[in-house]
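Please work through each task before reading its solution.

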Amino acid sequence: MANARSRGFKIDPILLSILLATTIAGVFSITAAAVFSFALLSKMVERMVSLSVGIMLSTSLLHALPEAFDSKADPRSLFGTLLAGLLCFFMLEKLAILRHSHHHEGDGHHHAHGHDAREAGKAGWMILIGDGMHNFTDGILIAAAFLANPQLGLVTGLAIIAHEIPQEIGDFIVLLNAGFTRTRAYVFNLLCSLMAVAGGLLGYFTLDRASGLIPYVLVFAASGFIYIAVSDLMPQMQRRATVRESVPQVLLIGAGVLIVLFLTGGHRA
C-alpha cells in the first residue's frame with residue numbers, strides 16, 4: 001500500500017495526484033456532458049455507453065479486485081463486501097425507480113401548470129444534492145485507489161469519468177426541464193462535481209490512518225462498477241440487436257479494455 005504522509009512543507013505526490021484526479025474528473029465529465037447535451041449528439045452518448053462498459057469492467061475485474069485480494073484482508077470478508085455492495089446498489093436503484101414511478105404515475109387528477117413547474121424545480125435541486133453526494137463518494141473511491149496503487153488510481157478515475165458523462169447528460173436534461181438556463185445548469189453541476197475533491201481529501205487523511213479499510217473500499221467500488229455495467233449499461237446496448245449496431249458496441253467495449261491495459265502497461269495494478 002502506498003505511504004501517504006506529508007513531510008514539512010512538501011506536498012505528498014499521492015495527495016497531489018488525488019487532488020488532480022478528482023478535479024479533472026469532475027471538470028472534464030461535466031464539460032463533456034454539457035457539450036453533448038447542448039449539441040444533442042445522441043450517437044456520441046450511445047457510443048460512450050459501450051466504451052464505459054469496457055473501462056468499468058476491466059478496471060474492476062483486472063485491477064481493483066485483484067489489488068484488494070492481494071492484501072492481507074480475509075477473502076471471505078472481501079466476498080461478503082462484494083455481495084453487500086451489489087445488493088446495496090440494487091436497493092438504491094430500486095428506491096430511485098420507485099420514487100420516479102410514484103412521481104409520474106397517473107393519479108386521476110389534473111395538476112395546474114404551476115404545480116408541475118414547482119415539482120420540476122424540486123427535481124432539479126434534488127438532482128444537484130444527489131449528484132453532490134455521489135461525487136463526494138467518487139472522491140473517496142479515487143483516494144482509496146491511489147493509496148493502494150497509483151496506476152489503480154489512474155484507471156479508477158478514468159472509469160468514473162467514463163460513467164459520469166452519460167449520467168451527467170441525463171442530469172443536464174432534468175435541470176433544463178426544471179427551468180435552469182444552460183449557464184446556470186453548467187455552473188451548479190460544476191460546483192457539485194467539486195465535492196469529489198472534498199471526498200478525495202477525506203479519503204486521503206482517513207484511509208491513510210486506517211489502511212486496512214482500503215481493500216474493502218476497493219471491493220465496494222468494484223461492486224458499483226460491475227453492477228452499473230451489467231445491470232444498467234449492457235441492457236441498454238441489448239435493445240439495439242442489429243449487426244450494424246452490435247459490431248461498434250463490441251469494438252468499443254474492447255477499446256475500453258485496451259485503454260485500461262495501456263494505461264497500466266498491460267500489467268495488473
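**Exercise 1. The second largest cavity**

The second largest cavity has a volume of about 40 Å³. The model is predicted: local features need pLDDT of at least 70, side-chain atom pairs count only at pLDDT 80 or more, and totals for chains, interfaces and linings use all residues. Residues are numbered from 1 along each chain as its sequence is written, and side-chain values use heavy atoms, with hydrogens and water left out.

Task: State which residues line the second largest cavity, and which element gives the largest share.

Solution. 
- Step 1. A cavity is a set of points on a 1 Å grid over the protein atoms alone where a 1.4 Å probe fits but cannot get out; lining residues have an atom within 4 Å of a point. Grid points are joined across faces, edges and corners, and the volume is the space filled by probe spheres set on the points.
- Step 2. The lining consists of Thr59, Ala64, Leu141, Ala145, Thr156, Leu218, Ala221, Ala222 and Phe225.
- Step 3. Helix 2 (42-69), helix 4 and helix 8 (214-238) each give two or more of these residues. Helices are DSSP runs (H or I, at least four residues), numbered from the N terminus.
- Step 4. Helix 8 supplies the largest share, four residues.
- Step 5. By class, the lining has seven nonpolar residues, two polar and no charged. Here Ala, Val, Leu, Ile, Met, Phe, Trp, Tyr, Cys and Pro count as nonpolar, Asp, Glu, Lys and Arg as charged, and the others, Gly among them, as polar.

**Exercise 2. The largest cavity**

Task: Describe the lining of the largest cavity by position, element and residue class.

Solution. 
- Step 1. The structure holds two cavities of 30 Å³ or more, and the largest contains about 90 Å³ of space.
- Step 2. Its lining comprises 14 residues, and Ala25, Gly26, Asn135, Ile160 and Ala196 lie nearest the centre.
- Step 3. At least two lining residues come from each of helix 1 (13-39), helix 4 (113-148) and helix 5 (150-177); helix 1 gives the most, with five.
- Step 4. The classes are six nonpolar, five polar and three charged.

**Exercise 3. Accessibility and contacts**

Task: Is Asp138 buried or exposed, and which residues does Ile259 touch?

Solution. 
- Step 1. Asp138 belongs to helix 4. Its relative accessible area is 9%, so Asp138 is buried (buried means under 20%, exposed over 50%, partly exposed in between, with a 1.4 Å probe and protein chains only).
- Step 2. Not counting residues up to four places away in sequence, Asp138 touches Ile160 and Glu164; contact means heavy atoms within 4.5 Å.
- Step 3. Ile259, in helix 9 (residues 243-263), is partly exposed because its relative accessibility is 33%.
- Step 4. With the sequence limit of up to four places applied, Ile259 touches Leu51 and Leu158. Ile259 and Val155 are 104 residues apart in sequence and 8.9 Å apart in space, C-alpha to C-alpha.

**Exercise 4. Cysteines and the core**

Solution. 
- Step 1. A search of the whole structure finds zero disulfides, defined as pairs of cysteine sulfur atoms within 2.5 Å.
- Step 2. Cys88 is partly exposed at 31% relative accessibility, whereas Cys192 is buried at 12%.
- Step 3. The largest nonpolar core has 60 residues, and Leu152, Ile165 and Leu218 have the most contacts inside it. Such a core is a set of buried Ala, Val, Leu, Ile, Met, Phe, Trp, Tyr and Cys residues joined through side-chain atoms within 4.5 Å.
- Step 4. Helix 8 contributes the largest share of this core, 12 residues.

Notes:
On a 1 Å grid over the protein atoms alone, a cavity is a set of points where a 1.4 Å probe fits but cannot get out, and a pocket is an open set with protein on both sides within 12 Å along at least five of seven lines; lining residues have an atom within 4 Å of a point.
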